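Please keep the sequence and the model in view while reading.

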Amino acid sequence: MIRTEKHQREIDRLRFVTARDGLEGAIKFAQQTHNVYRAQLKQRNQAGYRCGYGLAFREELVASRVVFRRFLRDNAYIN
């Protein structure tokens, strides 16, 4: 995986949460955040176009989801 600044920011955030809350807390955080970001990316208006937060920050949300999915996979969490 090519690490961009967006990826590295989430990796650092997961390291912080792991240090603060332990692995179980970090897994819970990653699950919850991944699900929120996924919902934002799915959000559409009545005409079917992307809208809201998911449109404005699409690139960042996708990069974050990649990091969270890899973290969950590497820590044996199966979604």
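## Salt bridges

A salt bridge is a side-chain nitrogen of Lys or Arg within 4 Å of a carboxyl oxygen of Asp or Glu. Aspartate 12 and arginine 15 form such a pair, with their closest N and O atoms 3.7 Å apart, and the two residues, being 3 residues apart in helix H1, are separated by about one helical turn. Helices here are DSSP runs (H or I, at least four residues), numbered from the N terminus.

Lysine 6 and glutamate 59 also meet in a salt bridge, at 3.3 Å from N to O, and this pair links distant parts of the chain, with lysine 6 in helix H1 and glutamate 59 in helix H3, 53 residues apart.

## The nonpolar core

A nonpolar core is a set of buried Ala, Val, Leu, Ile, Met, Phe, Trp, Tyr and Cys residues joined through side-chain atoms within 4.5 Å, where buried means under 20% relative accessible area (1.4 Å probe, protein chains only). The largest such core has 13 residues, and H1 gives the most to this core, with 8 residues.

## Confidence

This is a predicted model, in which local features need pLDDT of at least 70, side-chain atom pairs count only at pLDDT 80 or more, and totals for chains, interfaces and linings use all residues. Residues are numbered from 1 along each chain as its sequence is written, while side-chain values use heavy atoms, with hydrogens and water left out. The chain averages a pLDDT (the predictor's confidence in each residue, from 0 to 100) of 85.

Notes. Buried < 20%, exposed > 50% of the residue type's maximum accessible area, 1.4 Å probe, protein only.
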